[in-house]
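Student: Could we go through this model together, setting each value against its cut-off?
Tutor: Gladly, let's have a look.

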Amino acid sequence: MRLRICHLYGNLLNTYGDNGNLLMLQYCAREKGVDFETEIISLDQPFDPEKYDLVFFGGGQDYEQYIVSKDIQDKAEGIKEYIENDGVVLAICGGYQLLGHYYMDASGNKISGISALDHYTLSQDNNRFIGDITIRSEEFNETYEGFENHNGRTFLGENMRPLGKVEKGMGNNGEDKTEGARYKNVFCSYFHGPLLVRNIHLANRIVDMAIAQHNKKIEK
C-alpha cells in the first residue's frame, strides 16, 4: 500500500517547525508497513481531490498567509469536495484559519478563507496566546499536550466540534474552553511544536483514517 500525501503550500507555510507533523505522519505510516509519497501543491498548481489520501496544511506568517489566501481561492472547490468526501486533513494555525470563512490579521485586514469549514478568526490587540496547553478530546477519550502561540481568536460554527476541551491554556479564543476543530475527517489545531510529535496516539489515528479512506477508494 502507498499513501498519497498532499502538503499544501509546503514551501511557504512552516511556522515553528510545523512540518514536523508531516515527518511524524510518515514515521507512523512506515511503522505500519505502509509506503507513502508526498507532493507539495503550491502557487498556481491545481488541487485534485481524487488524488490524495491525506492533506497537511501548516501555518505561516501574515505575509505568506496573505499570498496563500489569494491563490487558494482557485483550489477552494477541490478542497471542499475532498473534505466532503471524507478526505483526511490536518491543518495547523494558519492552515486552520484559511479553511474557515475569514481571519483578521494583526493589522486589522480581513483575509478571506475558503469557507470549507464553519469558523472565523478575529485578531487580538497587542496580545498573543502563548504557552503550554493541555486539552481533552471527549470524542476519542484522549488527552493532547502541546504549545500554543497565536494572535488569532477562532470561533466555531454550529456544525463544528472542537478537537478538545482546554484543561490548561487558552485554546481557540480564551473564552469558550475549546481548542482546534473537528469536521468529518478534518483535524485542526493551534498546537505548534509540532502537535503530532508530542501526541503519537493522534498521529496513528490520523494515519489509520487515511489508510481506511485509501482502501475505500480501491473497493469502489
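**Rings, burial and strands**

Tutor: Let's start with Tyr-120, which is partly exposed, with a relative accessible area of 31%.
Student: Why is Tyr-120 called partly exposed?
Tutor: Buried means under 20% relative accessible area, exposed means over 50%, and partly exposed is in between (1.4 Å probe, protein chains only). At 31%, Tyr-120 is therefore partly exposed. Keep in mind that this is a predicted model, where local features need pLDDT of at least 70, side-chain atom pairs count only at pLDDT 80 or more, and totals for chains, interfaces and linings use all residues. Residues are numbered from 1 along each chain as its sequence is written, and side-chain values use heavy atoms, with hydrogens and water left out.

Student: What makes Phe-47 and Tyr-82 an edge-to-face pair?
Tutor: Rings of Phe, Tyr and Trp (its six-membered ring) pair if their centres lie within 6.5 Å; planes under 30 degrees apart count as stacked, over 60 as edge-to-face and the rest as tilted. Here the centres are 5.8 Å apart with 90 degrees between the planes, which gives an edge-to-face pair. Phe-47 is in the loop between S2 and S3 and Tyr-82 in helix H3 (residues 76-84), 35 residues apart. Both residues are buried, and together with Tyr-52 they form one aromatic cluster.

Student: Why are Tyr-102 and Tyr-120 called stacked?
Tutor: Their ring centres are 5.6 Å apart and their planes are at 20 degrees, so the pair is stacked. Tyr-102 lies in strand S5 and Tyr-120 in strand S7 (residues 119-122), so the pair ties together parts that are 18 residues apart in sequence. Helices (H or I, at least four residues) and strands (E, at least two) are DSSP runs, numbered from the N terminus.

Student: How do you know that a charge sits over the ring of Phe-140?
Tutor: The rule asks for NZ of Lys or CZ of Arg within 6 Å of the ring centre and within 35 degrees of the ring normal. The charged end of Arg-205 sits over the Phe-140 ring, 3.9 Å from its centre. Likewise, Lys-110 lies over the face of Tyr-102, at 4.3 Å from the ring centre.

Student: How do you know that S13 and S14 pair?
Tutor: Two strands pair if DSSP finds at least two bridges between them. S13 and strand S14 (residues 186-189) have 3 bridges, in the antiparallel sense.
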